[in-house]
Amino acid sequence: MKINMIKTINSYKGMTLRNIRVYLKNKTTIIMSLMAQIIILGLFLLFLKNNYTDAIIAQLGELKELLSDKDINAIVNSYLMAGVIGTSVVTVALNSLSVMVSDKENKINFDYGAAPVKDHTVVLSYFSGAVANTFLVSAILTTAGFLFLCIGSEINYTLLDFLKIYGLVALGAISATLVLMVFASFFKKSSTQGSFGVLVSAAIGFITGAYIPVSQFSDTVQTCVNLVPSSQITGMIKHVLITPTIEHANDALGGIDNGQFAKAMKEIFSVNMKVFENDIDFSFMLMYSIIAIAVFLIINLAIYKFTSKNK
């Protein structure tokens, strides 16, 4: 029994590493994984940054002279990076799962079936490989984002902030992979998965508020969008990245506005998310994300049992 367990663990490790390498070797897949982030950056540089900056200046009114351009840019840039990181865990996870779909299309899963490897080990290796790839790519983007935010800025993120963000990236990688595996389990061709990926890449920027702050939507749309697990992950990332920049600006104002600017910024940039017209805090988002992971884990296990019985 101990020998069988060791064989299972070794098989799991080998298949997981193989799935990671297959994704990382395919440069086209990696570029497609980052397409949404490239679009966000492009829109930000061409249109969005000026719009956000103008909105902040308009909110300041006569107090605009009290904030420097660095303070204003820090708020806008932190919002941008939250959107980039929040969308990356979704798009990278989806494209990492293309390995599973490709194996079905090329009948490689039949080879696994003929080998002395249990089905759940194969499924777990796809999950682990996708999570590892998602965390790796998103962590690199996160590190670049922190450097971008810190250089030329007076904002000092704490060690706890760094740990929170990387922890949220890991949580987001697990959550997105479990959610998307539900769909990927039914794809038998890479073309189908690719078409689905285009839809997800186009929609995720709106769902997470990377293009337009969710606060600009109606209350009903806000509720629907904010119930998506990836929105909760992005909401926590926004909370960690944007809050210090708003607090720094609030300190610069010296309380002359009784904190109204800070309150407005949190509202505009959706730092305070709303579900059924009620504000939700960081603790709620974290609990919601953990529950979502548990729910989609159960769904994936149910799908696995159903598909394994119908082979």
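Which residue just after α12 takes a positive phi? Ser-270 does, with a phi of about 60°.

## About the model

This is a predicted model in which local features need pLDDT of at least 70 and side-chain atom pairs count only at pLDDT 80 or more, while totals for chains, interfaces and linings use all residues. Residues are numbered from 1 along each chain as its sequence is written, and side-chain values use heavy atoms, with hydrogens and water left out.

## Helix α12 and its cover

Let's stay with α12, which spans residues 260-268. Helices here are DSSP runs of H or I with at least four residues, strands are runs of E with at least two, and both are numbered from the N terminus. The buried residues of α12 are Phe-261, Ala-262, Ala-264 and Met-265; buried means under 20% relative accessible area, exposed over 50% and partly exposed in between, using a 1.4 Å probe and protein chains only. Viewed down the axis of α12, these buried residues fall within an arc of 165°, so they line one face of the helix. The arc is taken from the directions that run from the helix axis to the C-beta atoms.

Among the elements covering these buried residues are α3 (35-60), α4 and α11 (229-253).

## Thr-91 in helix α4

Helix α4 covers residues 69-96 and holds Thr-91. Thr-91 counts as buried because its relative accessible area is 1%. Beyond its neighbours within four places in sequence, Thr-91 is in contact (heavy atoms within 4.5 Å) with Ser-33, Ala-36, Gln-37, Ser-201 and Ile-204.

With Gln-37, the side chain of Thr-91 also makes a polar contact of 3.5 Å. Such a contact is a pair of N or O atoms within 3.5 Å; within protein, one must be able to donate a hydrogen and the other to accept it, and residues adjacent in sequence count only if both atoms are side-chain atoms.

## Aromatic pairs

The whole structure contains 10 aromatic pairs. Rings of Phe, Tyr and Trp (its six-membered ring) pair if their centres lie within 6.5 Å, with planes under 30 degrees apart called stacked, over 60 edge-to-face and the rest tilted. One of the pairs is Tyr-79 with Phe-269, tilted at 5.1 Å centre to centre and 55° between the planes. Tyr-79 sits in helix α4 and Phe-269 in the loop between α12 and β1 (273-275), 190 residues apart. Both Tyr-79 and Phe-269 are buried.

Phe-206 and Tyr-211 make an edge-to-face pair, 4.8 Å centre to centre with 70° between the planes.
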